[in-house]
Amino acid sequence: MDATTTQSGAPVASDSESLTVGPDGATVLHDRYLLEKLAQFHRERIPERVVHAKGGGAHGEFVVTGDVSEYTCAAVFQPGTVTPTLQRFSSVAGEQGSPDTWRDVRGFSVRFYTTDGNYDIVGNNTPVFFIRDAMKFPDFIHSQKRLPGSGLRDADMQWDFWTLSPESAHQVLYLMGDRGLPRSWREMNGFGSHTFQWTSESGERSWVKYHFVTNQGDHALDAAEAELIAGADADHYRRDLHESIARGDFPSWDLKVQVMPFETAKTYRFNPFDVTKVWPHADFPLIPVGTHTLNRNPENFFAEIEQAAFSPGNTVRGVGISPDKMLMARVFAYPDSQRYRVGANFAEVPVNSPRVTTHSYSQDGAARARFAPASLPVYAPNSFGGPVAVPESGLDSRWESDGELMRAAASLHSEDSDFGQAGTLYRDVLTVDSRDRLHATLRGQRALLTVPGIVERFDAYWTSVDADLGAAVSGQTGPGQSRPAALSAM
Ligand code: HEM
């Protein structure tokens, strides 16, 4: 058996008794092992993620089965390529210990350890988002978290923000419907949500949206079931994923993309970079890319999942971002949060290290462990053989942009209504059953509201999505009066 040692390697005399003056006397300050044990313990926690704090994840691989090489030269998407991956699932609003089955949007982050560096898709189980401008993100999250006085979550605060932000209607409809309560992380789809840019070997650019389609079937919990599970097992999703992988039942998702020609974006009937909108499948059908399978549990949850630092800014040659105001801000937000949460050298944590050698002029900082050879210069440009940037690396997304500096709420596209796609989702996609569950959930939410003005806006918000929906949730029609589901889906 190994001896217990101090952090500096010396064997210690006791695992359980402090050094004291006699059996009942004072504890001495020079018991260096006691001091070290307590001091290390006090520093075990790092700040939880400011959003998406509760989660879980696993390692896997991505195999390309389709051929999208006419659209992207990204190594990870070339036919037959196999790439190691890391995935983290999460809830958005709850803290680290919060129950997995509280109603929420679920995070869906995938890292590809490609031969050109790490590529991260940091999405959700919904294809859209609540807001379209990053300026609103902290306010939106504050409204979802807790009141400063009581420390309680609050329906008035949530619905106040949502009903004052009509662009949220599409995503709130998803959230209050079945997507808000997946049966497990394995049984939900994932979406990149934003529009991204792909570039082919010949330099041709396209716009793409990512869809991860679950091979386990898309299943939801009903609200009563979710509430019971929340009480019985707060870690229900985390446990389900871990146990499934441990028994060799590996969950998988087929990755598909919608592709929009570069020029089409300029004249499309709504802003294709608006993350509150989906692209109709009739205009942009799904194209298969490959299959993502999770097949290995983390050996150390803290090291591999808690310290994982995903970022929409981690792109590689052939893939990039788009002029989506939210996405551009996210490029800054993630590494900024991770420098605070994990430390300035978060990229050195093994799970964050790319599987390629890095050559960077960044150096030092707290707990830096890797250093460039001393023979290399520490500045660029230099005449001593240091690494040199490659202008044709293809890392930067490209689009033309012109106009005055302004703060604009609306875009120039003709059909940019806040409620249109939400109405289509309600009328043409949801089944009768799921509409009934939605009505019950919304009636329950309405009953929690205590401020008359917010109740009025709540009714108006849902009436703007669909007059029948408004009537059903405001109590003007009874349950079971929903219209039959149409067949077309977006
Ligand atoms: C401007 C808007 C947004 C801002 C400022 C923002 C900011 C953040 C921050 C700071 C984190 C914590 C990162 C960390 O410490 O590791 C985070 C996590 C996350 N965000 Fe966002 N976010 C935004 C919008 C979105 C959108 C639109 C999506 C999905 C489409 C999304 C999905 C996620 C996910 C999945 C995580 C968890 C990542 C993980 O698994 O570690 N966020 N966000």
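Figure 1. Ala367 counts as exposed, at 73% relative accessibility (buried means under 20% relative accessible area, exposed over 50%, and partly exposed in between, with a 1.4 Å probe and protein chains only). Ala367 lies in the loop between helix 9 and helix 10, where helices (H or I, at least four residues) and strands (E, at least two) are DSSP runs numbered from the N terminus. Although Ala367 is not a glycine, its phi is positive, about 55°. This is a predicted model, in which local features need pLDDT of at least 70 and side-chain atom pairs count only at pLDDT 80 or more, while totals for chains, interfaces and linings use all residues. Residues are numbered from 1 along each chain as its sequence is written, and side-chain values use heavy atoms, with hydrogens and water left out.

**Figure 2. Backbone and burial of His52.** His52 is placed in the loop between helix 1 (32–42) and strand 1 (55–64). Its phi is near 60°, a positive value in a residue other than glycine. His52 is buried, with a relative accessible area of 19%.

Figure 3. The peptide bond from Ala380 to Pro381 is cis, and its omega is near 0°. Pro381 is found in the loop between helix 9 (325–341) and helix 10.

**Figure 4. The packing of helix 4 with helix 10.** Two packed helices are described by the angle and the distance between their axes. The axes of helix 4 (residues 169–176) and helix 10 (residues 420–429) come within 7 Å and cross at roughly 30°; helix 4 is therefore roughly parallel to helix 10. Axes are lines fitted to C-alpha atoms, for helices over the stretch in contact, and angles run from 0 to 180 degrees between N-to-C directions. Angles under 35 degrees count as roughly parallel, over 145 as roughly antiparallel, 65 to 115 as roughly perpendicular and the rest as oblique. Ala169, His170, Leu173 and Tyr174 of helix 4 meet Gln421, Ala422, Leu425 and Tyr426 of helix 10, contact meaning heavy atoms within 4.5 Å.

**Figure 5. The lining of the largest cavity.** The largest cavity is lined by Val92, Ala93, Asp104, Val105, Phe130, Phe140, Ile141, Gln144 and Leu175. On a 1 Å grid over the protein atoms alone, a cavity is a set of points where a 1.4 Å probe fits but cannot get out, and lining residues have an atom within 4 Å of a point. Helix 2 (residues 137–144) gives the most to this lining, with three residues.

Key. 1 Å grid on protein atoms, 1.4 Å probe; cavity = no way out; pocket = protein on both sides within 12 Å on 5 of 7 lines; lining within 4 Å.
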